[in-house]
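This briefing covers the fold, the nonpolar cores, the salt bridges and a surface patch. The sequence and structure come first.

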Amino acid sequence: LLLLLLLFSRGDSSGAPLPHSSSEELLAWLASVQVADAELRLGALRLLQQPTAGQPTVFVITATYPRTSQKADLTRLSHTLFAASFHTALHWIVVEDHPTRTSLVQRVLERSGVRYTHLHKKEDHIAHHFKGGAARNQGILHLRENKDRIHLDSAVYFADDDNAYDVRVFAEALSVKRVGVWPVGFSGARRAEFPIVKNGKIVGFEAYMASRKFPLDMAGFAINVKYFLRATPLLFTVNAPASTGETALLESAGFTRDDLEPLANGCTEVLVWHVKTSVVVNPEFKESAPHIAEV
């Protein structure tokens with residue numbers, strides 16, 4: 001364990017990351033030995049992930065709410081982000097739709113191995129209206145409060161906790177100059193929703209309610225961070241009509257179709273899937289396993 005700590009202390013006092021070759025060596029070493037203290041191993045891995053100050057980063061904003069599958073969904077997403085963070089600088093901003101920050105979510109974040117910020121914002125829901133706007137806005141406001149520490153080549157991606165993600169989608173997000181877009185599998189009751197691309201330009205959309213100016217799923221786009229840091233805040237319209245939250249956000253920023261950048265190999269690859277966790281607990285088993293505090 002002492003050798004591990006010494007190896008990880010070789011960086012300079014500025015906090016810059018270790019050279020890439022050293023990181024590869026240390027990853028190989030970590031994989032080859034058994035570290036008894038899991039927390040120490042996790043801390044060592046976090047050191048490998050630390051970006052240089054001011055490095056372009058994908059800020060992944062996740063709005064979450066209490067439900068049976070919340071812990072399972074957040075755990076799955078945390079593992080995806082942990083894997084992605086070795087290739088792409090990430091910061092996970094998790095905002096709970098709750099009066100306070102809960103210990104359940106805090107424990108998932110502490111074990112994630114990902115750099116994170118834990119916030120909360122209780123939202124009053126209206127039936128058949130866009131949900132999660134208040135929580136996502138809280139994440140945006142956090143970025144604005146820390147804008148002096150953010151590289152302007154960073155990106156913001158709104159990643160719901162019940163979707164499935166290929167780690168490559170976060171690297172795609174980091175390349176965004178204005179608004180990057182890509183297909184989303186199983187969205188809109190389709191095999192996939194996607195922008196239609198001809199000669200490198202987006203000319204239309206195959207999507208639910210395609211008459212919207214930007215008929216995109218929340219998982220299907222990322223925005224360069226500079227648009228959120230301008231003098232006039234770029235925020236979601238809380239409790240907008242259902243299925244209009246995404247287009248309302250992009251329209252309020254003044255984007256046009258020409259601002260959209262087709263990513264994921266010209267919008268021909270699916271790197272994110274709009275899925276829902278199915279949970280079935282029969283009533284007679286609802287109170288079973290009382291010794292298990294959380295599921």
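A salt bridge here is a side-chain nitrogen of Lys or Arg within 4 Å of a carboxyl oxygen of Asp or Glu. By that criterion, Arg67, Asp73, Arg76 and Asp161 are linked in a network of salt bridges. The model is predicted: local features need pLDDT of at least 70 and side-chain atom pairs count only at pLDDT 80 or more, while totals for chains, interfaces and linings use all residues. Residues are numbered from 1 along each chain as its sequence is written, and side-chain values use heavy atoms, with hydrogens and water left out.

**Overall fold**
- The protein chain has 9 helices and 12 strands, taken as DSSP runs (H or I of at least four residues for helices, E of at least two for strands) and numbered from the N terminus.
- Of its 295 residues, 46% count as buried; buried means under 20% relative accessible area, exposed over 50%, and partly exposed in between (1.4 Å probe, protein chains only).
- Contact means heavy atoms within 4.5 Å; among contacts between residues at least 6 apart in sequence, 75% join residues at least 24 apart.

**Nonpolar cores**
- A nonpolar core is a set of buried Ala, Val, Leu, Ile, Met, Phe, Trp, Tyr and Cys residues joined through side-chain atoms within 4.5 Å.
- The largest one has 36 residues, of which Leu143, Phe158, Phe221 and Ile223 touch the most other members.
- Elements giving two or more residues to this core include strand 1 (58-64), helix 6 (133-145) and helix 8 (245-252).
- Leaving aside residues up to four places away in sequence, Leu143 touches Phe59, Ile61, Ile93, Ile150, Val156, Val225 and Leu229.
- A second, separate core of 29 residues includes Val60, Phe82, Leu263 and Leu271.

**Salt bridges**
- The whole structure contains 11 salt bridges.
- In the Arg67 to Asp161 bridge, the closest N and O atoms are 2.7 Å apart; the two residues lie in separate loops, 94 residues apart.
- Asp161 is buried, at 2% relative accessible area.
- Arg168 forms a salt bridge with Asp166, with closest N and O atoms 2.8 Å apart, and with Glu269, at 3.4 Å.
- Glu269 lies in the loop between helix 9 (264-267) and strand 12 (272-273) and Arg168 in helix 7 (residues 168-174), so this pair ties together parts 101 residues apart in sequence.
- Asp166 counts as buried because its relative accessibility is 18%, whereas Arg168 is partly exposed at 43%.
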